[in-house]
Amino acid sequence: MPAPKEPESHTSVSDAAQEATEITGLFVEKPESVVAIAGKDMVFTAKVDSSNLQRKPTLKWLKGKWLDLGSKAGKHLQFKETYDRNTKVYTYQMTIIKVVPGDAGGYRCEVSAKEKCDSCTFEITVEGKTAVLIPLFFRDAGEDEGELDFSALLKATKRKKKEEPKEEVDVWELLKNAHPSEYEKIAFKYGITDLRGMLKRLKKMKAVEPTKCDAFLKKLDSAYSVDKDKKIVLSVEVVDPDVQVKWLKNGQEIKPSAKYIFESIGNKRTLTINKCSLADDAAYECVVGEDKCFTEVFVKEPPVTITKLLDDYHVVVGERVEFEVEVSEEGAHVKWMKEDQELSRNDTQKYRFKKDGKKHWLIINEATLEDIGMYHVFTNGGHSKGELEVEEKQLEVLQSIADLTVRAAEQAMFKCEVSDEKVTGKWYKDGVEVQASKRIKITHIGRIHRLTIDDVKPEDAGDYTFVPDGYALSLSAKLNFLEIKIDYVPRQDPPKIHLDTTGNMVTQNTIIVVAGNKLRLDVEITGEPAPTVCWMKGDKVGSQYTVPGLHVDSQAITATEGRVRVDNRKNLSSFVIEGAERDDEGNYSITVKNPAGEDKATLNIKIVDVPDPPESVKCLSVGEDCATMTWEPPKFDGGAPIKGYLMERKKKGSSRWTKLNFDFYPSTTYEAKKMIEGILYEMRVFAVNGIGVSQPSLSSKPFMPIAPTSEPTRLVVDDVGDSTCTLKWLPPERIGAGGLDGYVIEYCKEGETEWVRANQDLVEKNSYTMRGLPTGEKMNFRVMAVNVAGMSPPALLSQPVTIREVMEHPRIRLPRHLRTKYIRKVGDTINLVIPFQGKPRPVAMWLKDGQPVDLKKVGIRNSFVDTILFIRSAEREHTGKYTLNLQIENMLDSATIDIQIIEKPGPPVAVKITDVWGFNAALEWQPPRDTGNCDITGYTIQKADKKTMARTSRQKRAWFTVYEHNRRTNCTVSDLIMGNEYTFRIFSENLCGLSEEPGYSKGTAVIAKTGLQYKPPSYKEMEMNKSPKFTQPLVDRSVIAGYSTAISCSVRGNPKPKIIWMKNRMIIAENPKYIMQNNQGVLTLNIRKASTFDGGTYCCRAVNDLGEDEVECKVEVRAMATEKK
């Protein structure tokens, strides 16, 4: 079936709007016409130069003449906008994902900025896609669709020779002849996926074949476009002003409501749709009898903007990342992209997407190095981006494993602690992996890994190693098995202390213990008989105990449990400290004695811990996107040297800290970069030693990265005197977030390099006068802007300035409105400002009519550049010619101002009636004695008759105006009423208005009566009796079953006729289903909840003594339509 022909397009609304603006060449690069392959992605680019624009340009992508593609943004259509600050060029991109045949056609790109606009067109032709006979799979059928390509169909037919050919169906003809209510059935039967697109083209087909319509003078437009939540009015004009119309929406009749308002004014019928929603995006029709007209309403959604932008993230491998954005509308569709790739919602293992109201999140559970890049979020009206930086996390050993010496049947436990809780590892003995068993247990709790061996045996001795998974790191320790041999030959051996110098001993007599860890020092003791053991710290005895099984000459220890204790066994004394603290640090000694002698050993136990947090974190200086921070080292280094520092920062008010470095920073001064100017930040520091990381320091005071402003612009010399110089300038082009506090002005003599500051306090104005300068010297000047970040670069004059008074002739610059007569009313305030020029300062003098002005009546104020004449309340005596003399030595300039003070005039005098004839009276008068100091512009004449004045007071509602603005001092008053006696009054008028009091006529004008006789006309009595006659017939009705309806007509006749209602020529008796009403000859029959049995021919008959008349109509009752599922 061939595609329908396209009608000629008409001028669109956007074209009409362009005619009112200036068409200029704003495009730097325009999209070009292409031939696209179906299924491939296409990108169209437009670039706009904004260097000469005052506002950001607005660009629209349109398909055809009017379809705005911005509301169609989604998976198929994607839009992107970027801006280059250097070239001031905006780049707009439209991406069509997987082109389909429906994308073929004409497109237009429009850009506008205030009163400038530009547009360009391009074509898309789609090839290589299988096309079926019915073009039903178009995604968005527009008015400029591409031609169908049947080549793929022919190829598909060759591959499927066994299939029987299907009969071709002309779907266009079916839709063209079908009722709108049948459109959905046809679309379902023939698999139409874009019914609305075909209906658009069908309207254009009908427009090409105009049909004569007798019911409409003006039909609906082919389409209407309205923004969401706005109002739209659909209007038609009909031939018959009394005809009733129906409005249908998608084939269903619309009932009047607060949303849908019907109006009928003469031949005009309107449908108003209030607060349009997406549900109102439909096809509408207006029905008059058998005639119809159609239109389609498109509801455009407002663009969704981004109210909260994305933040940058700096994390390590394995950490969780949550990009958060907030948009202006709930339930809005957003698109996430990494660089130029869209993030798929199907890839749930890598990315998770979350939405709650206006907030949207992109969640990366475990960040990897592959996730580094720039992440974007797009809506149909906004764009934001955030950078993700991921770094490898170095594994730190917080506690290494130590060598152990145990005896048979005892327990051996190796323990180590690493910085990452998620790190797993394996244990090896002499290079062979250790497997867990009932006797050997391997545990991993948090950052601590343990290997526990119960009931130690000699074969358990060896080298043990822990290797973390994924790291080139290993921790090793040795397990020594202690064999005890007892010699029962009685002998005496002096006691001997056998200290093991391996393991956690740094030197032979120093033991280092990490705070919080357990210290267990096993000391082997030999000697016969059993020696007595005494542990001491400094001069205090820790405990005294005799080895069991031997003779003891000492009291038994009572505290066998506690944090610090001594456990003594045969030939072994163990010194235990649970949870070592800083107070446990010191010198310890063990003394053993027996009759054969004694032995003593001294140990130094050193407790090491993480350092205290750094102190006094503060900001030294700031830049445009950086800040220099400094801090004091921690008071206590934990007993181990400080390896470096870790820094974090956050925005004020936020709870998310961002790491600034992963490698240890050795110095106490750090320059933080990549910050946003104008945002308040806080910073904290961690100290790191060989044991671990300290607690964070106190946050610094909030600081803001700001930069000095640019230099002031357009620095010029405004005035030069014998010892003064006045400079003027404009504010800097770039001020920044730090604002502008003021300006500093400096000067120096030509040839010198030492600049002298002219102002001690900052100057807030854009001008400054320097005084006390040396006369005749050539001086250089410069101006610098100052804010919290410091001074800007200086703005310099192009050449030196010679300090010398310049003689300038006096000149009065008289304003234009003072060059003519200056007229004011009595009581007005007069304030005349007369600017002048001249150097040195001229002397200004005021004269009135050649005499000096009286300063008691007129105020004068003179300045360097102007003089002011001030009159608080003008009086008529202030009228006159005021002369301003401006003098410098023997040079003179003068100007004259003519001031006239006016007020309302007095009343006219000598008002008299000179003649009365017929219905006329002639008046004359003399001008007022006081004209109000200006010319009389006219007179107002009023009249009053004696009868009216007798009923009302003389001044209240008795006078009627005869003439206004009468320029002569006489007039003739006509159209007076016979038999009345008239008096007259006259007001004079000038520029201020009418006079306060009128002048009254001395006499009265009497209009005499003449002989007149009234002859009443003869008339013939009218016959009022008439036979019944219907003035408004019944109208056919069509109603849906279950709904009530009414039929009406009107009749006249005298005497009052009897009314008879009939259905199918049968008289309708009193039936509660029918309600019959007669209101002043308007007859109404109401049918309540009509059923199919109520259909038929209804007749109304009117009968009186002079005759009868009747009218009839047909009532059709339609069954309620039900949708087929």
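## Basis of the model

In this predicted model, local features need pLDDT of at least 70 and side-chain atom pairs count only at pLDDT 80 or more, while totals for chains, interfaces and linings use all residues. Residues are numbered from 1 along each chain as its sequence is written, and side-chain values use heavy atoms, with hydrogens and water left out.

## Salt bridges

The structure holds 36 salt bridges, each being a side-chain nitrogen of Lys or Arg within 4 Å of a carboxyl oxygen of Asp or Glu. One of them joins R447 and E417, with an N to O distance of 3.3 Å. Because R447 sits in the loop between β34 (440–445) and β35 (448–453) and E417 in strand β31, this pair ties together parts that are 30 residues apart in sequence. Helices (H or I, at least four residues) and strands (E, at least two) are DSSP runs, numbered from the N terminus. R447 is partly exposed at 33% relative accessibility, whereas E417 is buried at 16%; buried means under 20% relative accessible area, exposed over 50%, and partly exposed in between (1.4 Å probe, protein chains only).

K650 and E682 form another salt bridge, their closest N and O atoms being 3.2 Å apart. K650 belongs to strand β49 (residues 642–651) and E682 to strand β52 (residues 681–689), so the pair ties together parts 32 residues apart in sequence. K650 is buried at 11% relative accessibility, and E682 is buried at 14%.

In the salt bridge of R1065 with E1110, the closest N and O atoms are 3.5 Å apart. This pair links distant parts of the chain, 45 residues apart: R1065 is in the loop between β83 and β84 (1066–1067), and E1110 is in strand β88 (residues 1107–1118). R1065 is partly exposed at 44%, as is E1110 at 32%. Both residues belong to a network of salt bridges that also includes R1101 and E1112.

## A buried polar site

Q78 lies in strand β7 (residues 77–84) and counts as buried because its relative accessibility is 8%. Its side chain makes a polar contact of 2.6 Å with the side chain of K335 and another of 2.9 Å with that of E342. A polar contact is a pair of N or O atoms within 3.5 Å; within protein, one must be able to donate a hydrogen and the other to accept it, and residues adjacent in sequence count only if both atoms are side-chain atoms.

## Backbone features

P840 lies in the loop between β64 (830–839) and β65 (843–848). P1055 lies in the loop between β82 (1045–1054) and β83 (1058–1063).

Positive phi values occur in two residues other than glycine: A409, near 70°, and Q1080, near 55°. A409 is found in the loop between β30 (404–407) and β31 (412–418) and is exposed, with a relative accessible area of 55%. Q1080 is found in the loop between β85 (1074–1079) and β86 (1082–1087) and is exposed at 78%.
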